[in-house]
Amino acid sequence: MASMLLTRRLACSFQHNYRLLVPGYNHPALMKLIQQPQNVSTFINRPALGIFPPENFVEKLRESLLSVAPKGMSQLITMACGSCSNENAFKTIFMWYRSKERGQSGFSKEELETCMINQAPGCPDYSILSFMGAFHGRTMGCLATTHSKAIHKIDIPSFDWPIAPFPRLKYPLEEFVKENQQEEARCLEEVEDLIVKYRKKKKTVAGIIVEPIQSEGGDNHASDDFFRKLRDISRKHGCAFLVDEVQTGGGCTGKFWAHEHWGLDDPADVMTFSKKMMTGGFFHKEELRPNAPYRIFNTWLGDPSKNLLLAEVINIIKREDLLNNAAHAGKVLLTGLLDLQARYPQLISRVRGRGTFCSFDTPDESIRNKLISIARNKGLMLGGCGDKSIRFRPTLVFRDHHAHLFLNIFSDILADFK
């Protein structure tokens, strides 16, 4: 019975739709939080934050989001979801870029008039560079930067924005060092070529958006050096650098933000978040702060009750040392997957991961889907991504013994697979 219960808990641990649950289901500290009388008002009354925020909202943000602010990004805007976080981050970048071009002068009469009919110069023809395989959301601006599944985009008008190749690394990494360096150099060269090409087309690249690990597109990794060089390219060409941590943020890679692995003092100009963070939003440098009210605005701009929960989630992460746990449990999981790859190379290849953010490839989509189905019937819910990958998204309370339990069950599945 104990084993069966643990297996059922694993069902909550792996499937990608449960990536919101940082400390697992029904954590006692969160249950206690919502039962405290002083918090009742926050949970039953939702203010229009852009107009009438609670008087203690800034203080509460200091206790939660601002306590984990990325390096160099002191400004914060909360949102409701990942798509609207990226969408408004794009707008912030475009405003910043146009402000640089405009200089100290205010809006011209021509700009104010032409923006109302969707024409330049009020609506400049800027672009955001993204990567093939990326997923940044399904709203209109975000969809122009999303390139993971055709079903997301089919029939929807879009913008002519540049799309660069994302490195396709060969595994095991230590056996393909030269080839992978060449692949990353090729992709970086294409980024620069696209920036120049689009400038000539009068569709200036105002920003570059990238995920530290491409999630929906197949859990695609690149080296830390790739991202450091990409950051340098953004500086060289005067583009804002936007890191999308909607899926990678919150501790699953063993650091609170996945981009911390890059080791940069100035990692980005803007960083978006959502999912595990309970609320959406984005951090940015002070120089990107909008110069007037209502430029970045919607009715809700997030939810104070989610921020209250997040503050306690962050306390749980620190108190239970869950970042180190994710790093350690991730090593156990990855080591076990590598062992399964050695034993079943006809079913598993390209094992990869950082922390518990692990994945592997199967021979094709059909086999991938069959493995996921069989695993579900055994109490393991796995997520598919890309064309033929299986990914893992355990909660931060996923520990070594959970990894061993999974590996034992999945090993039996592979042994019996026909």
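How far apart are the axes of helix α12 and helix α14, and at what angle do they cross? The axes come within 9 Å and cross at roughly 15°.

## About the model

This is a predicted model, in which local features need pLDDT of at least 70 and side-chain atom pairs count only at pLDDT 80 or more, while totals for chains, interfaces and linings use all residues. Residues are numbered from 1 along each chain as its sequence is written, and side-chain values use heavy atoms, with hydrogens and water left out.

## Helices α12 and α14

Helix α12 covers residues 322-343 and helix α14 covers residues 400-416. Helices here are DSSP runs (H or I, at least four residues), numbered from the N terminus. Axes are lines fitted to C-alpha atoms over the stretch in contact, with angles from 0 to 180 degrees between N-to-C directions. The two helices are therefore roughly parallel to each other (angles under 35 degrees count as roughly parallel, and over 145 as roughly antiparallel). Their crossing is right-handed, the term for a near helix turned clockwise from the far one by less than a right angle.

On the α12 side, the contact (heavy atoms within 4.5 Å) is made by H328, A329, V332, L333, G336, L337, L340 and R343. From α14 come D400, A403, H404, F406, L407, F410, S411 and L414. By class, this contact has ten nonpolar, four polar and two charged residues. Ala, Val, Leu, Ile, Met, Phe, Trp, Tyr, Cys and Pro count as nonpolar, Asp, Glu, Lys and Arg as charged, and the others, Gly among them, as polar.

## Helices α2 and α11

Next, look at helix α2 (residues 28-35) and helix α11 (residues 304-319), whose axes come within 10 Å and cross at roughly 150°. That makes α2 roughly antiparallel to α11. The contact joins A29, L30, L33 and I34 of α2 to L308, L309, E312, V313, I316 and R319 of α11. Eight of these residues are nonpolar, none is polar and two are charged.

## Helices α9 and α10

Helix α9 (residues 177-200) and helix α10 (residues 224-236) have axes that come within 11 Å and cross at roughly 15°, and are therefore roughly parallel to each other. Here E184, C187, L188, V191, E192 and I195 of α9 meet F226, K229, L230, I233 and K236 of α10. The contact has seven nonpolar, no polar and four charged residues.

Terms used:
Parallel < 35°, antiparallel > 145°, perpendicular 65-115°, else oblique.
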